[in-house]
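Hello,

Here is the structure I promised to pass on. My notes follow below it.

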Amino acid sequence: MKQAIKRLLGGTIFASHLDAVLLRHAAVVVAFHRVQETAEPDDGLTVSLRMFERHCRFFRRHFRVVPLLEIVEKLERGQRLDRELAITFDDGYRDNFECALPVLERLSLPATFFIVTQWMGTDVVPWWDKERDVRHPWMSWDQVRALHSKGFDIGAHTRTHVDLGRVSGATAQQEIVGGRSDLERELGAPVALFAYPYGGRHHLSAANLELVKAAGFRCCCSAIGGTIATGGSPFHLPRVPISTWHRSPQQFGFEVAFGRSRLTA
């Protein structure tokens with residue numbers, strides 16, 4: 001379906017409050033990576049600052065934007081979900097602090113930042129940025145701590161963005177438990193939230209999911225798209241990745257309302 005049609009239908013659905021029926025007993029978690037002044041059309045990890053703010057205003061108008069931990073707690077207690085939406089960021093790019101944070105604060109929106117601990121304050125260039133011949137800097141630990149002090153949740157995303165569908169045993173344990181230890185040492189506070197790198201179904205083995213649980217985390221987030229249903233498990237939390245493919249927040253709304261945001265691969 002053409003994106004323009006999805007945008008029109010999405011706008012109609014949310015303007016008429018039909019979303020209250022389509023998303024009844026459900027919640028949504030969205031995932032961003034980079035927010036910058038501009039975004040190249042073929043850059044699937046970056047959204048422009050203007051589009052980010054448009055999405056945030058759409059979220060605030062049509063959903064009950066809550067900290068991710070509130071959704072986790074409702075699932076733990078078996079409580080009914082009702083169109084909650086949580087905003088998350090992966091990896092720890094510096095633009096999260098410089099560009100996204102002012103928008104979140106201006107609109108009074110909570111968010112969770114999942115951090116690759118051994119990349120903070122370094123010059124590491126991950127393979128996906130090397131392929132594009134670009135370098136996007138990471139936050140410093142002072143910036144991560146500032147996010148925490150401002151009331152934003154910080155979650156773990158392993159130490160080196162390892163593929164937990166490929167590694168196992170001691171290596172997986174060091175990445176999962178070590179990432180949490182790094183964060184707790186730097187923040188001086190417990191860390192309960194976890195998102196596994198890459199986020200596809202094949203990027204987390206059953207054995208490594210058990211390591212996540214054993215490490216004391218209270219959730220495990222993917223990036224396979226789709227909504228969270230009442231009665232679901234906090235250790236199988238789908239997230240909807242937001243990218244330049246979403247030409248408008250209304251298109252996002254259409255995809256979510258009709259279950260078209262879930263990846264099938």
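Which residues does His246 touch, not counting residues up to four places away in sequence? They are Met51, His55, Pro241, Gln251 and Phe252, where contact means heavy atoms within 4.5 Å.

Before going on, a word on the source: this is a predicted model, in which local features need pLDDT of at least 70 and side-chain atom pairs count only at pLDDT 80 or more, while totals for chains, interfaces and linings use all residues. Residues are numbered from 1 along each chain as its sequence is written, and side-chain values use heavy atoms, with hydrogens and water left out.

His246 lies in the loop between strand E9 (240-241) and helix H10; helices (H or I, at least four residues) and strands (E, at least two) are DSSP runs, numbered from the N terminus. With a relative accessible area of 6%, His246 is buried (under 20% relative accessible area; exposed is over 50%, partly exposed in between; 1.4 Å probe, protein chains only). H10 itself (residues 249-257) has eight of its nine residues buried, among them Gln251 and Phe252. After H10 comes Gly259, with a positive phi near 70 degrees.

The other part to look at is strand E5 (residues 84-91), where eight of eight residues are buried. E5 runs parallel to E1 (residues 26-32), joined by six bridges, and Phe32 has Phe89 as its bridge partner in E5. E5 also pairs in the parallel sense with E6 (residues 112-115) over four bridges; pairing takes at least two bridges found by DSSP. Here Asp90 stands opposite Phe114.

Enjoy exploring!
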